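User: I would like to go through this model and ask what stands behind each label. Please set the values against the cut-offs.

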Amino acid sequence: MIDTHMHGDSRSSEDFGEMYLSGIDTAITCAFYPYKLNNESTLLNHLERILNYDTKRAKKYGLDLKVALGIHPANTSVNPDLIYENLYKWIENKQIIAIGEIGLEDLTDSEIAIFKKQLDIGEETKTKVIVHTPRKNKKEVLKVIQDIVPQHIDPKLVVIDHINQNVAEDVIDKDYTLGLTVQPQKMDKEEAIAILDEYGFDKFLLNSDISNKPSDPLSVPKTVRELEKLGYKKTEIEKVAFKNAEKFFKI
Ligand SMILES: [Zn+2]
């Protein structure tokens, strides 16, 4: 299985071991600095830590951590130029498989400018991007995201993440890949399964988004097992368990 969106830097090595033993071979760890940022070098340290330290820590427990780096909307208070420079370098050196997570939260000017620039870098380098949608005002913010994205990047390169039942219909007919985050206080496995049942398995990825917030490191295998128990076709389940992610991220 592949957990397509998590934050390994804020989780224990024991979580990595449990995930591996539960059938997760690969996880994509994304950038998000959960504390106050003093300056851009603090953010760069966070990103380099993910790349150089957490990947090795996970490997010891069997888990293959792929990396997505970028400036999360909550981290847009610093000068972004140093991070842009490094993004080009990491992409060129094939150290990251996507730019992410990026996106919009409060629709401030700096959030929007930094979001657009990172989409431009994705388009220029033909790199995938993982786009966060917020918990509050999801529908409104998703509308702004959908206005911006096609002006800057081919939607085929884009995952729109944290899709729920309220917004699935707004994006299902577009060329995006769609992330379903199964997480306490966000979406339970029943809601994820209801979305797959209604819209089909072809466009979706599953993830836990485990972070410093309430999380379940095993939410992807629990959802996959539930789909099996409910009798969904193996070929369909495999799409959301790993095949769609392998194809999209080329991993
Ligand atoms: Zn996240």
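**Labels and their cut-offs**

Analyst: In α2, E40, L43 and L44 meet L82, I83 and N86 of α3. Contact here means that C-beta atoms, placed from the backbone, lie within 7 Å. Helices are DSSP runs of H or I with at least four residues, strands are runs of E with at least two, and both are numbered from the N terminus. By class, this contact of α2 with α3 has four nonpolar residues, one polar and one charged. Nonpolar covers Ala, Val, Leu, Ile, Met, Phe, Trp, Tyr, Cys and Pro; charged covers Asp, Glu, Lys and Arg; the others, Gly among them, are polar.

The model is predicted: local features need pLDDT of at least 70, side-chain atom pairs count only at pLDDT 80 or more, and totals for chains, interfaces and linings use all residues. Residues are numbered from 1 along each chain as its sequence is written.

User: Why are α2 and α3 called roughly parallel?

Analyst: Helix α2 (residues 40–60) and helix α3 (residues 81–92) pack at an angle of about 30°, with axes 9 Å apart. Axes are lines fitted to C-alpha atoms, for helices over the stretch in contact, and angles run from 0 to 180 degrees between N-to-C directions. Under 35 degrees counts as roughly parallel, over 145 as roughly antiparallel, 65 to 115 as roughly perpendicular, and the rest as oblique. Therefore α2 and α3 are roughly parallel.

User: What makes α3 and α4 roughly parallel?

Analyst: The axes of α3 and helix α4 (residues 109–125) cross at roughly 25° and come within 11 Å. Therefore this pair is roughly parallel too. Y84, L87, Y88 and I91 of α3 make the contact with K117, I121 and T125 of α4. Its residues divide into five nonpolar, one polar and one charged.

User: Why does I193 count as partly exposed?

Analyst: I193 has 18 C-beta neighbours inside 10 Å, so it is partly exposed. The scale runs: buried at 20 or more other C-beta atoms within 10 Å, exposed at 12 or fewer, partly exposed in between, with C-beta atoms placed from the backbone. I193 lies in helix α7 (residues 189–199). Leaving aside neighbours within four places in sequence, I193 contacts T223, E226 and L227.

User: Why is D154 partly exposed?

Analyst: D154 has 13 other C-beta atoms within 10 Å, so it is partly exposed. D154 sits in the loop between α5 (138–152) and β6 (158–160). Its C-alpha atom is 31 Å from that of L63, 91 residues apart along the chain.

Definitions and conventions. Contact = placed C-beta atoms within 7 Å.
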